[in-house]
Amino acid sequence: MSRRILAALGSAVLVLGLAACSGEGAGSGNDGDKPGDLTIGVSMPTQTSERWIADGNFVKEKLEAKGYKVDLQYAGDDIPTQSQQVDQMITRGADVLIIAAIAGTALSGQLQAAADAKIPVISYDRLIRDSPNVDFYVSFDNYKVGVAQATALLVGLGLQTKDGAKGEATGPFNIELFAGSLDDNNTQYFFGGAMDTLKPFIDAGTLKVKSGQNKIDQVAILRWQQEGAQKRMEDLLTSSYNDGSKVDGVLSPYDGLSRGIITALQNAGYRDDMPVVTGQDAEIASVKLINDGVQGSTIFKDTRLLAEQAAIAAESFLQDKTPQANDTETYDNGVKVVPSYLLPIQTVFSDDIKPVLIDSGYFTAEEVAAGQAKD
């Protein structure tokens, strides 16, 4: 029987001598609840990205392995759909919510309803902003992701070596900058880390943003859409590179955007002179491009570990415990600093594919060669 049903019984509960179990919502200390009696709602933003499909599946597997019921929903990158799905999870009696929000500020009403029902909310990878009703955050160190992307760009251009030493190249190099969706809180961290790393090279004239577009609102791509990145790259080539000059490097924060950028470059005739293009999420299609020498790098964020941490945090709440945080200062959502657990990242160049992705079991060599993961 769920905690909300017990709470609704009111005085009948007292008559039965269950006053000690009269909490409302998850984490109330009702020792009678077994994992199989509890449901965890998992809201993922979209199934158009390989990464989010994997996240949803990994979270579901981790939680079900612990015996919990899982209500997993994908919102199709549509904010009203995600809002409705979270509403339904609350109505159906979810005991904990794990939410990867499409837009960081769009779920305040749902989060208030969850708080009223004493349902803990775990913000998954994308920090939910402007609400006091976010109880925990699991993610990666997103500022370091941006630093790693910019560093990979410098390494690819030969300005720096993998061990951090000065490279043999001198430049100047023409680069263009891309950022993710402005309604995703992570976008600010990715771009901030990258620009802090690139700024000394830009200031010295070693790197030149030929288009002049170097502000986050100029380079952001709504909803992280591949088509949006392709269109913007096409526009940049037409407007800023119609004088015969070449693009040498592109800072891209996500593999899907990278593939759109690469398509635009290939359509414009880039082949052996493909610019250095960064990425993130180690999506299999991009891993193949890296293996084939087309895309320069990606940032691997092991979503198996992220899913495990989300499951651990959810179980802590269900057991009336406080989830372990390793960062209690960085992630201010505009209302509060949200206790967080941040996981490490790895930069993947072509020679890292085998030791990092294949040997760890994330992909097989056959999947990398095909550019497609098996079901």
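Residues are numbered from 1 along each chain as its sequence is written. Because the model is predicted, local features require pLDDT of at least 70 and side-chain atom pairs pLDDT 80 or more, whereas totals for chains, interfaces and linings use all residues, and side-chain values rest on heavy atoms, with hydrogens and water left out.

View 1. Helix α7 comprises the 19 residues 185-203; helices (H or I, at least four residues) and strands (E, at least two) are DSSP runs, numbered from the N terminus. At 1.5 Å a residue, α7 should span 27 Å, and its end C-alpha atoms are 27 Å apart, which agrees; the expected span is 1.5 Å times one less than the number of residues. A kink of about 35° lies at Thr197, shortly before Pro200, the bend being the angle between axes fitted to the seven residues ending at a residue and the seven starting there.

**View 2. The two ends of α7.** At the start of the helix, a side-chain oxygen of Asp184 reaches to within 2.9 Å of the backbone nitrogen of Asn186. Gly205, which follows α7, has a positive phi, near 85°.

**View 3. The buried residues of α7.** Among the buried residues of α7 are Tyr189, Phe190, Phe191, Met195 and Leu198; buried means under 20% relative accessible area (1.4 Å probe, protein chains only). Thr197, the site of the kink, is also buried. The cover over the buried residues includes β5 (136-140), α6 (142-157) and β6 (173-177), where contact means heavy atoms within 4.5 Å.

View 4. Five of the five residues of β5 are buried, so the strand is largely enclosed by the rest of the structure. Phe136, Val138 and Phe140 lie on one side, and Tyr137 and Ser139 on the other.

**View 5. Partners of β5 in the sheet.** Six strands form an open sheet with parallel pairing, in the order β2-β1-β3-β4-β5-β11; two strands pair if DSSP finds at least two bridges between them. β2 (69-74) and β11 stand at the edges, each with a single partner strand, so one side of each is left without a neighbour in the sheet. Three bridges join β4 (residues 121-124) to β5, and Phe136 is the bridge partner of Ile122. Ser123 stands opposite Tyr137. Four bridges join β5 to β11 (residues 340-343), where Leu343 is the bridge partner of Phe140.

How values were computed: Buried means under 20% relative accessible area, exposed over 50%, partly exposed in between (1.4 Å probe, protein chains only). A polar contact is a pair of N or O atoms within 3.5 Å; within protein, one must be able to donate a hydrogen and the other to accept it, and residues adjacent in sequence count only if both atoms are side-chain atoms.
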